[in-house]
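Subject: Structure handover

Hello,

I am passing a structure on to you. Please open it and keep it in view while you read my notes.

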Amino acid sequence: MNLDFITEPARHVPVIHRTDVLVVGSGPGGLAAALAAARAGADVCLVERFGCFGGNITVVGVEGFAWYRHEETVEADGIGREFEERAKAMGAAVPESQSLSYELDSEGFKLVADALVEEAGIHPMLHRQFVAPVMEDDRIAGIIVESKAGREAVLARVVIDATGDADVAHRAGAATRKTPAEQMQAASVMFHLAGVDKAAFMAEVKADPQTYKDWSTGEWSVETDGKEDDMFSPFLKKPFARAIEEGLIPKHLNTIAGTWGAMHDTGELTYMNLVHLAGIDGTDPDSMTKGEIEGRRQAMLAIEALRRFMPGCKGVRLRNFGMTIGIRDTRKLDAVYNMTETDVRHEGRFEDTIGIYPEFIDGYGILIIPTTGRYMHIPYRSMLPKGVRGLLVTGRAIGGDMVAHAATRNMACCAVAGQGAGVAAALAARNGRDVREVDMGAVQAELVRQGVRIR
């Protein structure tokens, strides 16, 4: 026996489902894609490896969906806005602490997503992990999944890769790029707290208000364009600096800092984005294992620091961690058109726009908050792979350089791209055309019908 590898025998894989549009991954991009395709008249199947839809919102615990929103912010609306409005109507959202948006409850949004999927008539497939594409020459014809039921195949006319890491595209042979691990945006383990004295906590926040300029402390240096510097931010740094001085937190962990989301009347303090882990590769399970364990360890140090050094937190306790580590940056599509720093900084305009996104950049040491009405177009071509037919890539893996990714990776932008991908996939499937040959006028008209601002 060769100790370096084994050879698996050939096997027959049962085809368990056939559909017009198959969406792989149900984060904000994939969920929006599935809903848009169904609303455009396609039969849709949505495959998800976890036991709930929602991706970063529900699985990781990232509740701040549109925390960039201010009075002058211009947005695409569409399904992304619907996520907030529906969550609010179902009691799964509260006003966000630093913006004019609603923070989505990570647990309650599971029910919101269930309702949206069921109402749209989407065929749901939870607990199935994508493992391989089904290829017919250079066209993807479906995927193979693994689950408790074993190995199964799902076939489709059009496949949408919403895995976040361009997993389907990469394994299908499309050109992709992966940020070197040492340059990747940090991964985070999100957590939520209970037992906070709201009155005491908020009194401290009001007595010592933090702003976006306070992000540039210690290990971080954040570039703004100036207008953000005096704007309020729910930022926590001082309790952890004090904990380092007192020897509670080791000196090398000076990256423990960040933002909180909502302070509830019940004493719950949610969406604690305090743990930042450099060098974690979200495409490497060993690296992610290391990050999960280290992230939870650092979270408990942060909680102890809050108990000792933050008013209102003496009796604080861990409520829960996110179900999995949060990944911001890994593999991206090398698309027919890759968005650029110029596009996201200077209001890029495209004939094949499928939606707009405000001038919001968050990543790689840049923070630009959209308070002036500036926005860019999202081009359809940034979701088109090279060398593979029948496939679209949406969500945070669309094509673009590093600074472009710092804009398009954000969940609300993923929903914009996802809705465009879903409509295009539905029309391509209906007309028997490849996604590269879809009628952009018809796609744009359907997006407008679905309530999307495209220009």
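This is a predicted model: local features need pLDDT of at least 70, side-chain atom pairs count only at pLDDT 80 or more; totals for chains, interfaces and linings use all residues.

Start with α3, residues 78-89, and α4, residues 108-120. Their axes come within 10 Å. They cross at roughly 115°. Angles from 65 to 115 degrees count as roughly perpendicular, so α3 and α4 fall under that heading. The crossing is right-handed.

Which residues of α3 and α4 meet? From α3 come Glu82, Phe83, Arg86 and Ala87. From α4 come Phe109, Val112, Ala115, Leu116 and Glu119. By type, this contact has 6 nonpolar residues and 3 charged ones, with no polar residue.

**The strand**

Next, look at β10, residues 191-194. Phe191 and Leu193 point one way from the strand. His192 and Ala194 point the other way. Are these residues buried or exposed? All of them are buried.

β10 has two strand partners to look at. One is β14, residues 269-272, which runs antiparallel to β10 and is joined to it by 2 bridges. Phe191 has Met272 of β14 as its bridge partner. Another is β15, residues 317-321, also antiparallel to β10. Here 4 bridges make the link.

**A buried threonine**

Now go to α10, residues 402-408, where you will find Thr408. Its relative accessible area is 3%. Buried means under 20%, so Thr408 counts as buried. What does Thr408 touch, apart from neighbours within four places in sequence? Its contacts are Met339, Met376, Arg396, Ile398, Cys413 and Cys414.

Most residues other than glycine have a negative phi. Two residues here are worth a look on that point.

Asp137 is not a glycine, yet its phi is positive, at about 60°. Asp137 sits in the loop between β6 (129-136) and β7 (139-147). Its relative accessibility is 76%. Exposed means over 50%, so Asp137 counts as exposed.

Tyr364 is another residue other than glycine with a positive phi, near 55°. Look for Tyr364 in the loop between β18 (361-363) and β19 (366-368). With a relative accessible area of 23%, Tyr364 is partly exposed.

Best wishes

Key
Residues are numbered from 1 along each chain as its sequence is written. Side-chain values use heavy atoms; hydrogens and water are left out. Axes are lines fitted to C-alpha atoms, for helices over the stretch in contact, and angles run from 0 to 180 degrees between N-to-C directions. Angles under 35 degrees count as roughly parallel, over 145 as roughly antiparallel, 65 to 115 as roughly perpendicular and the rest as oblique. A crossing is left-handed if the near helix is turned anticlockwise from the far one by less than a right angle, and right-handed if clockwise. Contact means heavy atoms within 4.5 Å. Ala, Val, Leu, Ile, Met, Phe, Trp, Tyr, Cys and Pro count as nonpolar, Asp, Glu, Lys and Arg as charged, and the others, Gly among them, as polar. Buried means under 20% relative accessible area, exposed over 50%, partly exposed in between (1.4 Å probe, protein chains only). Two strands pair if DSSP finds at least two bridges between them.
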